[in-house]
Amino acid sequence: MKHLLPVSLRVNGEPYDLLIPPWRTLLEVLRENLSLTGAKRSCQEGQCGTCTVLIDRKPINSCLYLAVEAQDKEILTIEGLARSAEVLHPLQRAFAERGAIQCGFCTPGLILAAKAFLEENPNPSEDEIRRAVVGHLCRCTGYFQIIEAILAAAREMAGKGAQVGH
Amino acid sequence: MPRRARWPGREHRLAIETMQEHSIIGRPVPKKDAWLKATGEAKYADDHSLPGMLYGKLLRSPHPHARILHIDTSKAERLPGVRAVATGKDFPGIKYGNLPQTRDYLPLALEKVRYIGDEVAAVAAIDEDMAEEALDLIQVEYEILPAVFDPEEAMQPGAPQLHDHAPDNISSQSAFHFGDADRGFADSDLIQEDIFETQPVKQGMLEPHACIGLWDNTGKITLWASKQSPYVVWRQLAMGLGIEPGKIRLVQTYIGGGFSGGKQEAMPMDFCAVLLSKKSGRPVKFVHTMDEVLTIGHLRHPIKIWLKTGIKKDGTLLAQHCKIIANGGAYSSIGQLSMYIPGAMLNLPYRLPNVKYEAYRIYTNNGFCGAMRGHTLPQICFARDSQLDIIAAKLGVDPIEIRLKNAAQPGEVTPNGFRLTTFGFTECLQRVVEASQWREKHGKLPRYRGIGIGCGSLVSGARLMGHSSSTAEIKVQEDGTVLLVTGSTDVGQGADTVLSMIAAEVLGVQLDDVRFAMVDTDITPVDPGTFSSRVTFWTGNAVKLAAEDARRQLAEIAAQKLEANPEDLIFRDRQVYLRQQPQRGLSFGELVRLAEYRLGRIIMGKGSYTSGEELIDFRTGYGNMSPAYTPSACVVEVEVDPETGQVTVTGIWGAHDCGFPLNPMLVRGQVLGASVMCIGQALYENLIRTQGKVMNPSFRDYKMPLATDVPKLANVEHINIITRDPSGPFGAKEAGEGAATGVIAAVANAVYHATGVRIKSLPISPGKVLFGLKEMQGKGNKPANLVKG
């Protein structure tokens, strides 16, 4: 029998009690145990950024992060970002409205990384945005519309102040 | 959108005209599925699972070339958790592939393996770890055969032979001669000969190949898969399984990038998923690791290009003779077409009366090559437009002037029979020169900064030897919404949106009223697929016809109700009304309910489009391949670090004649994305293979452009040249690949301008630049930008 460990995870504000093998990555547990498939499985070595989720508001590659390490931490996945189905996060809206989404495989990771970044730096320059998303590959857009979307969302969020975001 | 404010006069006027003329078409509306993708709700193939599902893995050859003597799967079968194992003998042994003369794939290898990564056996187990473990228990006895990796060696007598049907390892070849090249060279004042080489490059889509197969006990097969051309897969699956396509249902999932990286064909994983399902009675899922994706195949062809050009003193091109040798790898894929295209489009976007062409695609014991965004055109445009700059420098002619002088014009027919309908190449050049401030920069930038131009052209959908036409069906529903069903897929390029925009425009409904169906071969109409920049043009025309068919049916009913002529009716803003008396009308939904409830009519529109051109034999090459062609021009500015040899692209300006941009925001995304992909190929992407072994099969080592590698927004501009093609839907032509075809040459020319170093082999790596700089210092030469003229 596999050695199973009891783990309590808090994902998108919901508590989950799980029994999992200790070597399971957070990505595997999110996708397979919790059916949260917004974080994507791609390179599985922390190069592409598609599996990015936020742990205690910081972006991490969930493919390189063991689920057991996330015990007692606050995990946010793309599924938990919008306040409701009707009220999307400004980054989600900006990505959709400004052509930053083509195939969409990189989108969840990029939006979450951008959210964490804008919390640290609400008024970023173009170059600061580039550096913030350098851990994310996008093969469709050439990044321009992604950078524009993050700039636009930053402007909107700065305008609305504290009422936006989590 | 900062770019919009910069639309100069003519485009601004056109935008206003468009808004008056159309209510949907021409607007920069967001992609229809962007909301689902932004929330993580869009389900890609790996996001799906079925109850009782098993996980499959493939055993791959560790040898580049070997005979399979024996496979023992008994130990693997006995491993607890393993439910089924398959080898090549479980399949009927029928080779499948694209063209009849190049069918050389098997679902799993039978007698031989031909490259490191060739699929040998497959396992289905209760989880992926178990499946991996079982692979280790499969014992394969190989007789190792001599292997060959270099195409020129593979062509020599006595070289190891990969396939029995292909003497000298010639996988496919093309040869043609139009006009009189010898005469052209004899009349030339200058003859320039160069050899260019391009490297193996991967599509680099982020979603790995994935599928779920189910073979039920009635013999019906279902495959859920990430496929950009699902009907090609559907046919190939039937071919390789030796059954009728009607037994197979292929359901497309969301697609995480295509670029023809394999999602356009049936792959061993697809065959094994369904076969292992048959054996186990359970659905079976396969997902490739990125290591597998980067190893197996469907690379962009590395090509050695010998190009000889004859030109008059005044810069008029007279003749070109081109020979190419492509390293095709172990299998054919779409290689015959890959070899035809560089010759057929060698001249475009230029006018060239005499063309001679020979192409050889050679089998080697490497991962196989196929199409990739732009197919083989970025390679040939790199060679041709690099050489054009070499010639311009020798003649003392400005690089822009030589291009303007030879620019092909609308109405012309190329020597191989391509009919240029609309072709705004001259305007592309003029506009890109303005946008990039070429005249202020060329020859005037400081040392180690340079500017270069490259141009290219593309088809709006290639006619293939087999099925080329597209169809669409439209069902109008009682609430006034519209169900649009086509066989085309959205791979991220925006087909879902642009096709829905066409339907919405014709029927006068809102974009949100149109529901775009994904391909399900039980329901959707057959279609060749998403490749060759064909969907907007071909499926778009079919959608327009289908919508017009539905509108005609509705107009007859509305005309009776309103006591008017059907031709006098306007469909707009969810209303149907008389052109002269807009107050007389009814709502679109009301009209549909009248048709359905009172008259018992079902409103369904059908449309199909084919360009009606003759078929082309890709080996001999005469004929019009596409209903429309797009030209493009691109200017790139670079900065070269003389210490490291590192090249940075600091600006990119492009102009492209897409006929008419149905959705300018999506067009811009396509063009810029394709351009950055070509910057990657120009500067660093390179799948390194040593004795057939891929040395960098990961995104850590296979370097693709990052957000920090692209120019600042202020130095990026794309200009749509509007020519409104008469046969495109609402005047549209291709907009996904063509604009990038000249980018690599533009980078190479800019590097030359910055340093005086002419690099003819890709990528333009720091090492090559440094070596070139050293060599120049040795000769006491100065960078080109310091040389007048």
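**View 1. Helix H16 over a sheet in chain B.** Helix H16 (residues 495-507) of chain B lies across E19, E20 and E21 of chain B, at about 145° to E21(B). Contact here means heavy atoms within 4.5 Å; axes are lines fitted to C-alpha atoms, for helices over the stretch in contact, with angles from 0 to 180 degrees between N-to-C directions. Helices (H or I, at least four residues) and strands (E, at least two) are DSSP runs numbered from the N terminus. This is a predicted model, where local features need pLDDT of at least 70 and side-chain atom pairs count only at pLDDT 80 or more, while totals for chains, interfaces and linings use all residues. Residues are numbered from 1 along each chain as its sequence is written, chains are lettered from A and ligands numbered from 1 in the order in which they are written, and side-chain values use heavy atoms, leaving out hydrogens and water.

**View 2. The four-stranded sheet itself.** The sheet is open, with mixed pairing and the order E21-E20-E19-E25 in chain B. At its edges sit E21 (514-516) and E25 (604-609) of chain B, each pairing on one side only. From one strand to the next, the twist averages 20°. Two strands pair if DSSP finds at least two bridges between them; E19 (residues 470-476) and E20 (residues 482-486) of chain B have five, and run antiparallel. Val476(B) has Val482(B) as its bridge partner in E20(B).

**View 3. Asp549(B) on helix H17.** Look for Asp549(B) within helix H17 (residues 535-562) of chain B. Buried means under 20% relative accessible area, exposed over 50%, and partly exposed in between (1.4 Å probe, protein chains only); Asp549(B), at 17%, counts as buried. Past its neighbours within four places in sequence, Asp549(B) touches Met604(B), Gly605(B) and Lys606(B).

**View 4. Two nonpolar cores.** A nonpolar core is a set of buried Ala, Val, Leu, Ile, Met, Phe, Trp, Tyr and Cys residues joined through side-chain atoms within 4.5 Å. The largest one has 163 residues, and Phe95(A), Tyr340(B), Met345(B), Met625(B) and Ile764(B) have the most contacts inside it. Beyond four places in sequence, the contacts of Met345(B) include Leu377(B), Phe418(B), Met625(B) and Tyr629(B). A second, separate core of 54 residues has Val476(B), Leu499(B), Phe537(B) and Val543(B) among its members.

**View 5. Aromatic rings in chain B.** Rings of Phe, Tyr and Trp (its six-membered ring) pair if their centres lie within 6.5 Å; planes under 30 degrees apart are stacked, over 60 edge-to-face, and the rest tilted. That rule gives 22 aromatic pairs over all chains. Tyr105(B) and Tyr331(B) make an edge-to-face pair, because their ring centres are 5.8 Å apart and their planes are at 80°. The pair ties together two loops, so parts 226 residues apart in sequence are joined.

**View 6. A hairpin in chain A.** Four bridges join strand E3 (residues 52-55) of chain A to strand E4 (residues 58-61) of chain A, running antiparallel, and Val53(A) stands opposite Ile60(A). The two strands form a hairpin with two residues between them, and Asp56(A) in the turn has a positive phi of about 45°. Strand E3(A) also pairs antiparallel with E5 (residues 74-76) of chain A, through two bridges. Both faces of E3(A) are covered: Thr52(A) and Leu54(A) on one side, Val53(A) and Ile55(A) on the other, are all buried.
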